[in-house]
Amino acid sequence: MTTILVTGATGDIGKRTIEALAGRGATVKAAVRSASSGGELEALGAQPVAFDFGDPAGMRAALAGVDHLFLITPFVEFSRPLVEAAVAAARDAGVGFVLRMSAIGADANSPMAIGRDHGSAEQPVVESGLRWSVLRPTFFQDNPLRYQGGAIAATGSFYGAAEQGAASSISPDDIAAAAAAILLDPTPHVGKTYTLTGPEPLTEQQVAAVLSEASGRDVGYVSMPGEQLLAAMVGQQTPQWQAQALVDLEAVKRQGWAAEVTPDLEQILGRPGLRLAEHLAKRPRELDVIRRG
């Protein structure tokens with residue numbers, strides 16, 4: 001029986017991947033800071049194991065007996081050291097395959113710091129000597145609700161600096177389904193990097209219209225200059241590096257660099273990705289955060 005360890009297990013993609021793996025014939029370990037805090041993950045069918053990127057011995061212990069690793073790291077300024085540590089532990093523990101969760105636009109030579117970080121962090125996986133694949137998903141379809149649900153509830157709008165730029169955002173459920181498919185049968189995917197998108201490029205104004213239709217509440221979108229958005233986030237105590245990364249991502253949308261629809265998800269799953277309206281219909285409770293307004 002294959003044993004799979006998922007890091008970032010309490011995060012959105014990690015948790016949904018565990019859900020997608022449940023009942024599929026694999027033993028799933030969920031990496032958490034403290035194994036005693038993994039009750040919800042146990043309910044999903046995973047075995048919580050203590051895992052800390054700063055503890056090489058602890059990582060090796062968590063990875064003992066693991067066949068395939070789904071490597072998700074937290075949103076930090078420099079993720080490469082975390083990846084290097086996890087890959088070293090995986091190699092020492094005899095892990096046979098690593099699936100790295102990266103992001104669209106990952107490039108060690110990117111003009112954007114966030115793109116450089118993702119690109120640099122892929123290199124330890126590619127150069128590890130282990131079998132590997134990389135997922136580069138685009139923007140998540142639930143981002144407006146997850147990060148600006150409170151603003152929508154309070155003001156009826158979400159905010160950004162994308163102007164009329166479109167992005168082919170993807171359902172987190174589709175990312176998890178793709179990850180689960182690869183982790184269960186890595187062989188056809190070894191050495192491949194997949195750029196995962198949704199099936200339709202939407203402007204933020206179109207996203208607002210879909211949210212309005214799905215929630216029964218008028219939702220708007222307010223675009224502002226990137227400098228103004230940066231100042232607002234820093235003023236709300238967002239770290240400078242993180243605020244700049246988020247503003248850079250708004251520029252990606254504004255320039256249309258995330259509007260492409262790739263065939264990669266369908267190649268993995270044998271079906272197209274969910275449209276935003278379909279994603280919301282599948283998880284209607286996500287809309288509760290804005291219905292309170």
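Three aromatic pairs are present in the structure, where rings of Phe, Tyr and Trp (its six-membered ring) count as paired if their centres lie within 6.5 Å, with planes under 30 degrees apart taken as stacked, over 60 as edge-to-face and the rest as tilted. In one of them, Phe51 and Phe53 have ring centres 5.3 Å apart and planes at 85 degrees, so the arrangement is edge-to-face. Phe51 is buried, with a relative accessible area of 6%, and Phe53 is likewise buried, at 17%; buried denotes under 20% relative accessible area, exposed over 50%, and partly exposed in between (1.4 Å probe, protein chains only). The model is a predicted one, in which local features need pLDDT of at least 70 and side-chain atom pairs count only at pLDDT 80 or more, whereas totals for chains, interfaces and linings use all residues. Residues are numbered from 1 along each chain as its sequence is written, and side-chain values use heavy atoms, with hydrogens and water left out.

Another pair is formed by Phe158 and Tyr221, whose ring centres are 5.1 Å apart and whose planes meet at 50 degrees, so the pair is tilted. This pair links distant parts of the chain, since Phe158 lies in strand S7 (residues 157–160) and Tyr221 in strand S11 (residues 220–223), 63 residues apart. Helices (H or I, at least four residues) and strands (E, at least two) are DSSP runs, numbered from the N terminus. Both Phe158 and Tyr221 are buried.

A charged group also faces an aromatic ring: Lys253 lies over the face of Phe139, at 4.9 Å from the ring centre. The criterion is that NZ of Lys or CZ of Arg be within 6 Å of the ring centre and within 35 degrees of the ring normal.

The largest nonpolar core has 29 residues, and those with the most contacts inside it are Ile18, Phe70, Leu99 and Leu196. Such a core is a set of buried Ala, Val, Leu, Ile, Met, Phe, Trp, Tyr and Cys residues joined through side-chain atoms within 4.5 Å. Elements giving two or more residues to this core include strand S1 (3–6), helix H1 (12–21), strand S5 (97–101) and helix H7 (172–184). The most is given by H7, with six residues.

Two residues other than glycine have a positive phi. Most residues other than glycine have a negative phi. For Glu163, phi is near 50 degrees; Glu163 lies in the loop between S7 and strand S8 (166–167) and is partly exposed, with a relative accessible area of 46%. For Gln237, phi is near 75 degrees. Ala154, in helix H6 (residues 143–155), counts as exposed at 63% relative accessibility. Ala154 and Ile290 are 136 residues apart in sequence and 8.2 Å apart in space, C-alpha to C-alpha. Thr203, in strand S10 (residues 202–203), is buried, with a relative accessible area of 13%. Between Thr203 and Glu77 the separation is 126 residues in sequence and 28 Å in space, C-alpha to C-alpha.
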